[in-house]
Amino acid sequence: MPPNTQTPDKNSQLKSVDCLSLSSINLGALVKSVVEAGQGIQFRAKGNSMFPTIKDGDLIKVTQYTEISPTAGDVVAYLDHNTKNLIVHRIVDLTSDIFFAKGDSCFRKDRPQPINTIIGYISAINHRENNLWGINHRVCKKYYTFFLKIGIIPSIAYILKFKRIPILFLQKNTPKKIM
Amino acid sequence: MTIELNKHYRVSEKIIAKEIEEELVIVPLKAGVGDLDSEIYSLNSTGISIWEKLTGTRSVDEIIKMVSVEYGVPYNEIKFDVIQLIKDLVDKGIVVAT
């Protein structure tokens, strides 16, 4: 038998992985595989697009949809079908095929995504399943989603985050051009 | 914990493993929940080769022989590394004896 050209890597020992070092794409693939196996998964959120519902560093738990289906108001984890990045945002509109999501502190909706890109919903934040910001309460979610769509929630989030009024609401008198 | 050459080991049901960028990422489950905030692990290609043989039907000695043939490395040279990896996996609860 001819000698094998492969050489074993001596460092095959088990290595610890820092979850924060995983790229968004790899984290998304990992989260998807765990949830699709019927298990929940929790990890630290990165970024503040869901402020104040979810803040940077909050521990969020993703659970698979089983008995219920995605509805407007649900905070979901999905893989962007173009970039494959993992995104955790709130559904503001959906049909049978596609959905629109939006970060609670964002003024713009995300690009429309196919429904099958949803991995699961956020069922707990920092080990708490009942959340002031309506992640699980169906009545709260309905009103919360409405105020999110019309920009009230992002404005409040902006004020809370930056302690000032969003520039959108500060109308400046622009000088008219002299013809 | 000592690893005996004639014992059989298999992957525990309490983990989920996923190949990402040619490494195997292993997520232990606690009460049915994978916690990426606590320890998760990875194996490189050699580790994956050993991992795939941990089916519970092969003894440690057989696995060492298979790896030795696969890589063309003498049995005694590869023996310690294979045993050390299996020991680490057992210590973390990722692999269990059958």
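Guide: A pocket is an open set of points on a 1 Å grid over the protein atoms alone, where a 1.4 Å probe fits, with protein on both sides within 12 Å along at least five of seven lines. Its volume is the space filled by probe spheres set on the points, which are joined across faces, edges and corners. Here, the largest pocket holds about 290 Å³.

Visitor: What kind of model is this?

Guide: This is a predicted model: local features need pLDDT of at least 70, side-chain atom pairs count only at pLDDT 80 or more, and totals for chains, interfaces and linings use all residues. Residues are numbered from 1 along each chain as its sequence is written, chains are lettered from A and ligands numbered from 1 in the order written, and side-chain values use heavy atoms, without hydrogens and water.

Visitor: Which residues lie nearest the centre of the largest pocket?

Guide: Lining residues have an atom within 4 Å of a point. The largest pocket has 16 of them, and A:Ala45, A:Lys46, A:Leu86, A:Ile87 and A:Val88 lie nearest its centre. H1, S2 and S5 of chain A each give two or more residues to this lining. S5(A) gives the most, with four residues. By class, the lining has nine nonpolar, five polar and two charged residues. Here Ala, Val, Leu, Ile, Met, Phe, Trp, Tyr, Cys and Pro count as nonpolar, Asp, Glu, Lys and Arg as charged, and the others, Gly among them, as polar.

Visitor: How many helices and strands does chain A have?

Guide: Helices (H or I, at least four residues) and strands (E, at least two) are DSSP runs, numbered from the N terminus. Chain A has three helices and eight strands. Along the sequence, chain A follows the pattern β-α-β-β-β-β-β-β-β-α-α.

Visitor: How far apart are the end C-alpha atoms of helix H1 of chain A?

Guide: The expected span is 1.5 Å times one less than the number of residues. For the 13 residues of H1(A), residues 24-36, that should be 18 Å, and the end C-alpha atoms are 18 Å apart, which agrees. Just after H1(A), A:Gly38 takes a positive phi of about 90 degrees.

Visitor: Which residues of H1(A) are buried?

Guide: Buried means under 20% relative accessible area, exposed over 50%, partly exposed in between (1.4 Å probe, protein chains only). In H1(A), the buried residues are A:Asn26, A:Leu27, A:Gly28, A:Leu30, A:Val31, A:Ser33, A:Val34 and A:Val35. Of the 179 residues of chain A, 42% count as buried.

Visitor: Which members of the largest nonpolar core touch the most others?

Guide: In soluble globular proteins, nonpolar side chains tend to be buried together. A nonpolar core is a set of buried Ala, Val, Leu, Ile, Met, Phe, Trp, Tyr and Cys residues joined through side-chain atoms within 4.5 Å. The largest has 30 residues, and A:Val31, A:Phe43, B:Leu36 and B:Ile40 touch the most other members. H1(A) gives the most to this core, with five residues. A second, separate core of 27 residues includes B:Val73, B:Ile86, B:Val90 and B:Val95.

Visitor: Where do A:Pro52 and A:Lys84 sit?

Guide: A:Pro52 lies in the loop between S2 and S3 of chain A. A cis peptide bond joins A:Phe51 to A:Pro52, with omega about 0 degrees. A:Lys84 is in the loop between S4 and S5 of chain A. Phi of A:Lys84 is near 65 degrees, a positive value in a residue other than glycine. A:Lys84 is partly exposed, with a relative accessible area of 44%.
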